[in-house]
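I opened my notebook to record what I looked up in this structure. My entries follow in the order I made them.

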Amino acid sequence: MNDALSVKNLFVSYHGNEAVKNISFSIERGNLVGIIGPNGAGKSTLLKALLNLIPKDTGEVQVYGKKFHEQRKSIAYVPQRSNIDWDFPITVLDTVVLGSYPTLGWFKRPKKAHRDWALQCLQRVGMEDFSKRQIGELSGGQQQRVFLARALAQKAEIFFLDEPFVGIDAASEETIIHILKELKESGKTILVVHHDLSKVSDYFDQLILLNKELIGFGAVNQVFCADILSKAYSGQFSFLDRLGVEV
Ligand code: ADP
Ligand code: MG
């Protein structure tokens, strides 16, 4: 059986400056994977390059053994909240209905069935009562839950989320991580860019530790240890110490 995601020799640069380099890894289906590393380590860049949103210098990405464009429908992306235009005039329900467009096909208008499915997805994230609101009127946690509902509506096999827990309330964080764990139990694959190290062990099965290059990759208990973390977070030992990681 093919890996859910396989990345080989990925290099990405901005105006000649390498942002990520020489990245190779593969992930089996049914894993919840954290992408961690210091600010500017290239975490968002890695995600965007995997999703074909920015050009790669070199590198090959396969999803279930096929090229990205052949698997578009099975790939869901929840971008960083700060990169979304929240003034865009759209209701919560329509935001989620749009998530099911990849399965609608071109030129087909959403039907009642799509709206019902979108409502079910909103229900799953506890946002069904907000379906008629404008997305800009919601709190950060509510917005994030709506975007997760949108990804769920897509019926994707592999999910990419960029810093979904930043600037949201604890209850929304709990709802979201609970759903991500359910997704993984049902065989989906989820990659989450995450910079708060304190919950890494509770949340993830595997870690990708990045600092331009791949510093560590594997099961959380193999990567989340002082000697490997310190290679990425050089000079930040006091911070590792605070996390209770033995230095
Ligand atoms: P992270 O998500 O880990 O904080 P990023 O992937 O956002 O890191 O950024 C990696 C590096 O690439 C940083 O040095 C950042 O300044 C640079 N960078 C990111 N986006 C751009 C861009 N659009 N143009 C030029 N440089 C960029
Ligand atoms: Mg980022």
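Predicted model: local features only at pLDDT ≥ 70, side-chain atom pairs only at ≥ 80, totals over all residues.

**Entry 1: Ile90**

Is Ile90 buried or exposed? Its relative accessible area is 13%. The cut-off for buried is under 20%, so Ile90 counts as buried. I found Ile90 in the loop between strand S6 (75–78) and H2.

Next I asked what Ile90 touches, leaving aside its neighbours within four places in sequence. The list is Thr95, Leu98, Arg133, Gln134 and Ile135. I also checked the distance to Gln134. Ile90 and Gln134 are 44 residues apart in sequence, yet 5.6 Å apart in space, C-alpha to C-alpha.

**Entry 2: helix H2 and Val96**

I moved on to H2. Six of its eight residues are buried, and H2 is mostly covered. I wrote down the buried ones: Val92, Leu93, Thr95, Val96, Val97 and Gly99.

Val96 lies in helix H2, which runs over residues 92–99. Its relative accessible area is 0%, so Val96 is buried. Which residues does Val96 contact, leaving aside its neighbours within four places in sequence? I noted Ala118, Cys121, Leu122, Val146, Ala149, Arg150 and Ala153. I also noted a pair: Val96 and Arg115 are 19 residues apart in sequence and 8.5 Å apart in space, C-alpha to C-alpha.

**Entry 3: H2 against H4**

How do H2 and H4 cross? Helix H4 covers residues 112–124. The two axes come within 9 Å and cross at roughly 110 degrees. Angles of 65 to 115 degrees count as roughly perpendicular, so that is how I describe H2 and H4.

I then listed who makes the contact. H2 gives Val92, Leu93, Val96 and Val97. H4 gives His114, Arg115, Ala118, Leu119, Cys121 and Leu122. By class, I have eight nonpolar residues, one polar and one charged.

**Entry 4: helix H5**

I checked the span of H5, residues 140–153. At 1.5 Å a residue, its 14 residues should span 20 Å. The end C-alpha atoms are 20 Å apart, which agrees. Then I looked at burial. In H5, 13 of the 14 residues are buried, so the helix is largely enclosed by the rest of the structure.

**Entry 5: the nonpolar cores**

I looked up the largest nonpolar core, which has 51 residues. Which of its residues touch the most other members? They are Phe159 and Leu180. The largest share of this core comes from H5, with seven residues.

For Phe159 I left aside neighbours within four places in sequence. Its contacts are Ala76, Ala151, Leu152, Leu183, Lys188, Thr189, Ile190 and Leu191.

**Entry 6: two positive phi angles**

Lys155 has a positive phi of about 55 degrees, although it is not a glycine. Lys155 is in the loop between H5 and strand S7 (158–162). Its relative accessibility is 54%, so Lys155 counts as exposed.

Asn9 is not a glycine either, and its phi is positive, about 50 degrees. I placed Asn9 in strand S1, residues 5–14. With a relative accessible area of 43%, Asn9 is partly exposed.

Methods:
Residues numbered from 1 in each chain as written. Chains lettered and ligands numbered in written order. Heavy atoms only, no water. Helix = DSSP H or I, 4+ residues; strand = E, 2+ residues; numbered from the N terminus. Buried < 20%, exposed > 50% of the residue type's maximum accessible area, 1.4 Å probe, protein only. Contact = heavy atoms within 4.5 Å. Expected span 1.5 Å × (residues − 1). Axes fitted to C-alpha atoms, helices over the stretch in contact; angles between N-to-C directions. Parallel < 35°, antiparallel > 145°, perpendicular 65-115°, else oblique. Nonpolar A, V, L, I, M, F, W, Y, C, P; charged D, E, K, R; others polar. Core = buried A, V, L, I, M, F, W, Y, C linked by side-chain atoms within 4.5 Å.
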